[in-house]
Amino acid sequence: MSPAYRKQLDLKIREKCAPKPIKTWHQTGLTTKILETFSKLNHENRMPIQAPASPLIISGPDCVAIAETGSGKTLAFLLPMLRHI
């Protein structure tokens, strides 16, 4: 992840080999139906915590995300599961 992008999202990532963060939902491999639902709900932009957490969770290692209430942590952890339903 570029230092500028990390600063823009105000992220602190300790993992040296963490996957690149997502910039759009299309990068997550979610189905068209889920992406269309996000669009209908006006949730086309991901939250800062979701950018690095989603690809990390999808790739398999443990992930601890610390952010304020309402920051999108729950969705970041649920999205990888939706890929398998």
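Me: What share of the 85 residues in the protein chain is buried?
Reply: Buried residues make up 33% of the 85. Keep in mind that this is a predicted model. Buried here means under 20% relative accessible area.

Me: And the accessible surface: how much of it belongs to carbon and sulfur atoms?
Reply: The chain exposes about 6300 Å² of accessible surface, with 55% belonging to carbon and sulfur atoms.

Me: Which secondary structure elements does the chain have?
Reply: Four helices and zero strands. Along the sequence the pattern reads α-α-α-α.

Me: How do I read the buried side of a helix?
Reply: Start with the general idea. An α-helix has 3.6 residues a turn, so residues three or four places apart point the same way. Now take H4, residues 73-82. Its buried residues are Ala76, Leu79 and Pro80. They lie on the same side of H4, because they cover an arc of only 90° around the axis.

Me: What covers the buried residues of H4?
Reply: The cover includes helix H2 (32-40) and helix H3 (50-59).

Me: How do the axes of H3 and H4 cross?
Reply: They come within 9 Å and cross at roughly 35°. The crossing is right-handed.

Me: Which residues of H3 and H4 meet?
Reply: From H3 come Gln50, Ala53, Ser54, Ile57 and Ile58. From H4 come Leu75, Ala76, Phe77, Leu79 and Pro80. By type, the contact has eight nonpolar residues, two polar and no charged.

Me: Back to the whole chain. What share of its contacts joins residues at least 24 apart?
Reply: Count contacts between residues at least 6 apart in sequence. Of these, 52% join residues at least 24 apart.

Conventions:
Residues are numbered from 1 along each chain as its sequence is written. This is a predicted model: local features need pLDDT of at least 70, side-chain atom pairs count only at pLDDT 80 or more; totals for chains, interfaces and linings use all residues. Side-chain values use heavy atoms; hydrogens and water are left out. Buried means under 20% relative accessible area, exposed over 50%, partly exposed in between (1.4 Å probe, protein chains only). Helices (H or I, at least four residues) and strands (E, at least two) are DSSP runs, numbered from the N terminus. The arc is that of the directions from the helix axis to the C-beta atoms. Contact means heavy atoms within 4.5 Å. Accessible areas come from the Shrake-Rupley method with a 1.4 Å probe; for residues, only the protein chains shown count as cover. Axes are lines fitted to C-alpha atoms, for helices over the stretch in contact, and angles run from 0 to 180 degrees between N-to-C directions. A crossing is left-handed if the near helix is turned anticlockwise from the far one by less than a right angle, and right-handed if clockwise. Ala, Val, Leu, Ile, Met, Phe, Trp, Tyr, Cys and Pro count as nonpolar, Asp, Glu, Lys and Arg as charged, and the others, Gly among them, as polar.
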